[in-house]
Amino acid sequence: MNKTKLDILVDLLKDAPDEVFIQPHNVPDPDAIASSLGIYYLLSLRGIQKLAIVYDQEIEKTNSLRMLDMFKVPMIPASQASTLGTEDWAVLVDAQKGNANITDLPTDEVAAIDHHEYRGTNGYRFEDIRPEVGSCSAIVAEYFFENNVEPPKIIATALLYGIFMDTDNLTRGASDLDINMFYRLYSLSDIDLIVELKGNEISVKDLELYAEAFKTVEIYDELGFLRLRSVNDSLLGAAGDIVVSVSGVNIVIAYAQKENGVKLSVRSTCNKVKANDLIRYLTMDCGVGGGHDNMAGGFIPSENLSGSRSLDTFLKHRAIAFYEKRDG
Ligand SMILES: [Mn+2]
C-alpha cells in the first residue's frame, strides 16, 4: 500500500535524536493553532513521544487565546521550553523557514506543512507546501481522513474554525480542499463552540483601536489606506478585512509604526492586484514582504525609512504607482 504523507512524516520523526517541537508562525492565529493541534494529535497517535508545540511572540487576539483554553491546546512560548536545543527537531506548521513571521529557534527544522508561498526546500526532509490551499487546517484535516482517523470533536471544531478564519468564511482564496474538508469536518464539529469563538473575535480594547484607526482611512479609487497606532499585529489584518468590505474598496494597505519599523498588512479582493505582489513592491529595496494573493504581510525596518519623507506619503505613493501600472 502506498504510504500517506503522515506515514512518511512519522517514519522520519521516529529517528528524532531527542524531542520533536511543532512550531507554528509567530503570534499564532486560529489556523496556526488548529493545524498545530491536529498535527500534535496525529503524531501522538502514531507513537511520536517527547512532543510539544512551541511558538514565539504573544498570542494577541481574544479568539486565539480562547481556542487554547477551549480545545486544551498544549502550546507554550518557546522561551518557556527549557529543554529545547540544537539536538531537537522541529516540524513547522502554517509557516516556513526564512519567512519574516517565524523565529529561527535552535532546533533543526526537518519538516514543513504550510499553505504560504513556497520559499524553497530549506533542507527539509519532509515538506508539504500547498500555496493554492486557503488554510493549513484543510491540509491537516486531509491527513486525518487520508489515514482513516476520525478527528475528535474538539479537533474537528478547531480545524473547521481554522478554515473559517483563514478563508474568511470560504470567501477568500478557498480551494476545493478547503471546501471538501469544511464539509467533512462540519458534521463532526461542535457548532456551539464556533459560535462562542465568533463572539470572542474582538476585545473592548481592540474596539477602541479600531475606532481610532478607522478615522484615518483614506480611499483612492479601489485602494484603502489605514493606519493603526497599535503594536498588535493581528489587529492590522483584522482591521484591513473590515475596510476591504467597504463598498468600492478592493485593496487595503494597513500599517502600524513600531519602534523598530513599520508593520504592513495588505488585503486584496481584486484579481488584477495581488496582495503578495503589492507588498513586495511596497517593501522593495527597504524591507521584506510576502503572503498569498488575497492577504499578505511585510515589514520595513526603521533604518530603511527615509527621514525626509513621511511614511504615509511613501506608502501611498508606492501603492498608487503599483495600482496604476496594474490597472492600466
Ligand atoms: Mn494559515
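Mentor: Start with contact: two residues are in contact if their C-beta atoms, placed from the backbone, lie within 7 Å. Leaving aside neighbours within four places in sequence, Val91 is in contact with Val20, Ile22, Ile39, Ala111 and Ile113. This is a predicted model, where local features need pLDDT of at least 70, side-chain atom pairs count only at pLDDT 80 or more, and totals for chains, interfaces and linings use all residues. Residues are numbered from 1 along each chain as its sequence is written.

Now the core itself. A nonpolar core is a set of buried Ala, Val, Leu, Ile, Met, Phe, Trp, Tyr and Cys residues joined through C-beta atoms within 7 Å. Buried means that 20 or more other C-beta atoms lie within 10 Å of a residue's own, with C-beta atoms placed from the backbone. The largest such core has 59 residues. Ile39, Val91, Val93, Ile113 and Leu159 have the most contacts inside it. Helix α5, residues 153-166, gives the most to this core: nine residues. Helices here are DSSP runs (H or I, at least four residues), numbered from the N terminus. Apart from this core lies another, of 34 residues, including Ile279, Ala296, Phe299 and Phe322.

Next, helix α2, residues 30-45. Its 16 residues reach 22 Å from first C-alpha to last, close to the 22 Å expected at 1.5 Å a residue. That expected span is 1.5 Å times one less than the number of residues. In α2, 13 of the 16 residues are buried, so the helix is largely enclosed by the rest of the structure. Just after α2, Gly47 takes a positive phi of about 85°.

Definitions and conventions:
A residue is buried if 20 or more other C-beta atoms lie within 10 Å of its own, exposed if 12 or fewer, and partly exposed in between; C-beta atoms are placed from the backbone. Helices (H or I, at least four residues) and strands (E, at least two) are DSSP runs, numbered from the N terminus.
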